[in-house]
Amino acid sequence: MTALLQVDDVSRRFGGYLALNGASCEVAVGQVHALIGPNGAGKTTLFNIVSGVLLPTAGKIRFKGQDYTGHRPDKVLAMGIARNFQQVRLVRGLSVVENVMIGAHARMNRGLLGNIAEFCGGAVAEEH
């Protein structure tokens with residue numbers, strides 16, 4: 001079975017600091033996976049590389065067999081790869097629902113305002 005996500009020999013340097021050194025792993029379809037390790041082990045760096053927030057210094061990343069190393073985060077999201085952050089509230093002053101809506105609109109197809117209206121139960125005329 002081909003892995004859904006493949007990380008091959010990925011490294012990341014920040015100046016002289018090697019934050020990730022030759023990390024490789026596979027995520028299989030229908031399986032639960034975990035990434036554990038002590039503080040400073042490179043877990044967040046790996047997630048940032050997989051989601052397109054950071055570029056790897058070396059190595060390749062594939063999703064459904066397609067190399068997407070170096071793609072921008074919006075392109076990675078459009079492929080179906082997303083991540084969440086540890087912060088409880090991403091945008092201070094917004095409710096939980098409003099914060100969720102920020103990410104949810106990427107999965108809907110009526111534009112940001114149309115998606116907000118749809119989420120709130122309103123009907124929006126389609127644009128021509």
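## Aromatic rings and a charge

Rings of Phe, Tyr and Trp, the last taken by its six-membered ring, are said to pair if their centres lie within 6.5 Å. By that definition, this structure, which is a predicted model, holds 0 aromatic pairs. An aromatic ring can also have a charged group placed over it, and here Arg12 lies over the face of Phe14, at 4.4 Å from the ring centre.

The strands β1 and β2 run antiparallel and are joined by 7 bridges. Within this pair, Leu5 stands opposite Val27 of β2, while Val7 stands opposite Cys25 of β2. The hairpin that β1 and β2 make has 2 residues between the strands, and in this hairpin Gly15 takes a positive phi near 65°.

On to the next pairing: β1 and β3 also run antiparallel, with 5 bridges joining them, and the bridge partner of Leu5 in β3 is Phe63. Leu5 can therefore be followed across the sheet in both directions, because strands count as paired if DSSP finds at least two bridges between them, and Leu5 faces Val27 in β2 as well as having Phe63 as its partner in β3. Finally, 2 bridges join β3 to the antiparallel strand β4, where Asp67 is the bridge partner of Arg62.

Which residues have the most contacts inside the largest nonpolar core? That core has 14 residues, and the ones in question are Leu5, Val50, Tyr68 and Ile81. The elements that give two or more residues to this core are β1 (5–14), β2 (17–27), α1 (43–50) and β3 (58–63). In soluble globular proteins, nonpolar side chains tend to be buried together.

If its neighbours within four places in sequence are left aside, Val50 is in contact with Leu5, Val7, Ile61, Tyr68, Val76 and Ile81. Among these contacts are Leu5, Tyr68 and Ile81, which are listed together with Val50 as the residues with the most contacts inside the core.

Note on methods:
Residues are numbered from 1 along each chain as its sequence is written. This is a predicted model: local features need pLDDT of at least 70, side-chain atom pairs count only at pLDDT 80 or more; totals for chains, interfaces and linings use all residues. Side-chain values use heavy atoms; hydrogens and water are left out. Rings of Phe, Tyr and Trp (its six-membered ring) pair if their centres lie within 6.5 Å; planes under 30 degrees apart count as stacked, over 60 as edge-to-face and the rest as tilted. A charge sits over a ring if NZ of Lys or CZ of Arg is within 6 Å of the ring centre and within 35 degrees of the ring normal. A nonpolar core is a set of buried Ala, Val, Leu, Ile, Met, Phe, Trp, Tyr and Cys residues joined through side-chain atoms within 4.5 Å. Buried means under 20% relative accessible area, exposed over 50%, partly exposed in between (1.4 Å probe, protein chains only). Helices (H or I, at least four residues) and strands (E, at least two) are DSSP runs, numbered from the N terminus. Contact means heavy atoms within 4.5 Å.
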